[in-house]
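Take a walk through this fold with the sequence at hand.

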Amino acid sequence: MTGNLLSLAIWLPVLAGLVVLATGGDKHAQIARWIAVIGALASFLVTIPLYTGFDVLNGGMQFVELKPWIKTFNINYHLGVDGISVWFLLLNSFTTLLVVLAGWEVIQKRAAHYLAAFLIMSGLINGAFAAQDAILFYCFFEAMLIPMYLIIGIWGGQNRVYASFKFFLYTLLGSLLTLVAFIYLYYQADGSFAIADFARLPLGMGAQVFVLIAFFFAFAVKVPMWPVHTWLPDAHVEAPTGGSMVLAAITLKLGAYGFLRFALPIVPDACREYAWVFVLFSLVAVVYIGLVALVQTDMKKLVAYSSISHMGFVTLGFFMFGGTSGGELNSWAVEGAIAQMISHGFVSAAMFFCIGVMYDRVHSRKIADYGGVANKMPIFAAFFMLFAMANSGLPGTSGFSGEFLVILGAVQVNFWYAVAGATTLIFGAAYTLWMYKRVIFGDVGNDHVAELKDVNAREFFVLAILAVTVLGMGLYPKLFVDVMHMSVNDLIWHVSQSKLPQ
C-alpha cells in the first residue's frame with residue numbers, strides 16, 4: 001500500500017469521478033453527490049500518510065514509483081514527492097473535498113458532471129505535482145485544463161464562454177514551448193525524459209536562456225505573473241464558486257511549482273543572470289496589481305487581483321539571489337514563498353467561498369449591492385472577518401507567516417526589494433478591509449440584504465474547517481516549514497552550483 005500511495009492519490013479521485021459520471025443525469029443527483037463526497041474524502045485520506053510517513057531529514061524524492069510506460073522513447077511512469085511537493089497533494093485533495101461540499105445544494109443542473117469534473121481534475125493535478133518524468137508531467141499539466149475549461153464554460157456566469165476560451169488558450173499556448181524545451185533536453189540527456197537527468201545537464205548559457213524562456217511562457221501564465229495575467233480576473237468572475245476556489249487555491253500553484261521543479265534546478269545560471277526580470281515583474285504584480293484591486297467594484301474580481309498580487313510575492317521569493325557569492329538563493333525567501341503558496345491556498349479558497357455564500361443568496365457580486373450583512377449574518381461575518389484579516393497578512397494567521405519570511409530574505413538581498421514587497425501588507429489591508437467594511441458593516445443596505453439568513457450547517461462546517469487551517473498555520477507554521485526545509489536546502493545547494501560547461 002505504501003509503495004502505491006501516489007498512484008492512489010492520482011487515480012482514486014479519477015475513478016470516483018468516473019463512477020459519479022456513471023450515475024447519469026439529474027435524476028440521480030443525490031446519489032452522485034454522496035458518491036462524490038465519499039470519493040473526495042477517501043482521496044484526501046489517502047494523501048495523509050504522505051505527510052505522516054514523510055522523512056523530514058531526507059530532502060530527496062520519497063514514495064517513489066517507477067514503471068516503464070512508452071519504452072520506445074524511454075518515457076516512464078515515474079512518481080515521487082519531496083518536502084516541496086508533498087504539501088500540494090494534501091492541499092489539492094483537501095480543497096477538492098471542500099469544493100464538493102460547497103456545491104452540494106448550489107449546483108442543481110448536471111450536478112454529477114460538475115462534481116465528476118472536480119474529482120477527475122484533482123487526480124490530474126496530483127499527477128502533475130508527483131510526476132518525475134517530463135512527458136508524464138506535461139500530460140497531467142495539460143489534461144487538467146480540460147475539466148476546468150468545462151467547469152467555467154458550462155457552470156460559469158454570463159460571459160463564461162469567453163472566459164473559458166481565454167483561460168484555455170492562454171495556458172495551452174504558453175505550454176507548447178515547454179514541450180519543445182523538453183524534447184531539446186531529451187536529446188541533450190541521451191534519450192531520457194527524467195527530470196533528475198535534466199537537472200544534471202551541463203548546458204551552455206545560450207541553451208539555458210532558450211529553455212528558461214520556454215519555461216517562463218508556460219509557468220508565468222499559470223501563476224499568473226504580470227503582464228500575462230489578464231486571463232485570471234475573467235476566469236474567476238465567470239467561474240462558479242468551486243471553480244474559483246480550485247483555480248486560486250491549486251492551479252495557480254502549478255505555475256509557481258514549475259519554476260521550482262524545472263527552471264531553477266535545470267537552468268540555474270540563466271535564472272541567476274535574469275533574476276532581476278522576475279523580481280521586476282513580481283514587484284509590479286505586488287504594487288501595481290494591488291492598486292488595481294483597490295478600485296474594483298466586483299468582489300470576485302477584487303480577490304482575483306489580490307491573488308495575482310500575492311502570487312507575485314511568491315515568485316519574488318523564488319528569485320532572491322544573494323549571499324556572499326551573489327549566486328545563492330535565500331533560504332528564508334524560498335521557504336517563505338512556499339509557505340505563502342500553501343497559505344494562499346487556504347485563504348483564497350475561503351475568500352471565494354464566502355463570496356459564493358453571499359452570491360447564492362443575493363445573486364450579485366457587486367460591493368454596492370450589499371451593506372449591513374453583519375446585522376443578518378453575524379456568524380458568517382465573523383468567519384469572513386478572519387479570512388479578510390488573513391488576506392491582509394495579520395500576524396497569527398497563515399497570511400503572515402510566508403510574507404514575513406520572504407521579507408526577511410529580501411532584506412538580506414536588497415533592502416529596497418523588501419520595502420517594495422512589504423507594500424503588499426499595506427495594499428492587501430486596504431483593498432480587503434475596505435471591501436469588508438462596505439459589504440458587512442453599516443445599516444442594512446437594501447431589501448435583499450434584509451432577507452438574508454445566516455449560514456446553514458454545511459456552510460458552517462466548510463467555514464470552520466478553513467478557519468482551523470488558517471489559524472493553525474498562522475499560529476504554528478513550523479509544522480509546515482519543517483517538512484520542506486531539507487528539500488529547499490538541497491535545491492539551494494544545487495542552484496548554487498554553476499552548470500556551464502567547464
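**A walk through the helices**

At 48% relative accessibility, R110 counts as partly exposed, where buried means under 20% relative accessible area, exposed over 50% and partly exposed in between, with a 1.4 Å probe and protein chains only. The model is predicted, so local features need pLDDT of at least 70 and side-chain atom pairs count only at pLDDT 80 or more, while totals for chains, interfaces and linings use all residues. Residues are numbered from 1 along each chain as its sequence is written, and side-chain values use heavy atoms, with hydrogens and water left out.

R110 sits in the loop between α3 and α4. Helices here are DSSP runs of H or I with at least four residues, strands are runs of E with at least two, and both are numbered from the N terminus. The backbone at R110 stands out: its phi is positive, about 55°, although R110 is not a glycine. Most residues other than glycine have a negative phi.

W104 lies in that loop too, between α3 (86-102) and α4 (111-130). Is W104 buried or exposed? W104 counts as buried, because its relative accessibility is 14%. Which residues does W104 touch, leaving aside its neighbours within four places in sequence? W104 is in contact with Q30, R33, W34, V37 and R458. Contact means heavy atoms within 4.5 Å. Now look from W104 to A450: they are 346 residues apart in sequence and 25 Å apart in space, C-alpha to C-alpha.

Next, step into α3 itself. Helix α3 has 17 residues and reaches 25 Å from its first C-alpha to its last. That is close to the expected 24 Å at 1.5 Å a residue; the expected span is 1.5 Å times one less than the number of residues. The rest of the structure largely encloses α3, because 17 of its 17 residues are buried. N92 lies in this helix. N92 counts as buried because its relative accessibility is 1%. Beyond its neighbours within four places in sequence, N92 is in contact with S122, I125, N126 and I250.

Axes are lines fitted to C-alpha atoms, for helices over the stretch in contact, and angles run from 0 to 180 degrees between N-to-C directions.

Helix α11 (residues 241-266) comes next. Its 26 residues should span 38 Å at 1.5 Å a residue, and its end C-alpha atoms are 37 Å apart, which agrees. There is a kink of about 40° in α11, centred on L247. The bend at a residue is the angle between axes fitted to the seven residues ending there and the seven starting there. α11 is mostly covered, with 26 of its 26 residues buried.

What runs alongside α11? The axes of α11 and α15 (residues 331-362) come within 7 Å and cross at roughly 165°. These helices are therefore roughly antiparallel to each other. Among the α11 residues in this packing are T241, M245, L252 and Y257.

Finish with the backbone. Most peptide bonds are trans. The bond from V223 to P224 is cis, with omega near -10°. The bond from W226 to P227 is cis, with omega near 10°. P224 lies in the loop between α9 (205-222) and α10 (231-238), and P227 is in the loop between α9 and α10. D190 has a positive phi of about 60° although it is not a glycine. D190 lies in the loop between α7 (160-188) and α8 (195-198). It counts as exposed because its relative accessibility is 75%.

Note on methods: Angles under 35 degrees count as roughly parallel, over 145 as roughly antiparallel, 65 to 115 as roughly perpendicular and the rest as oblique.
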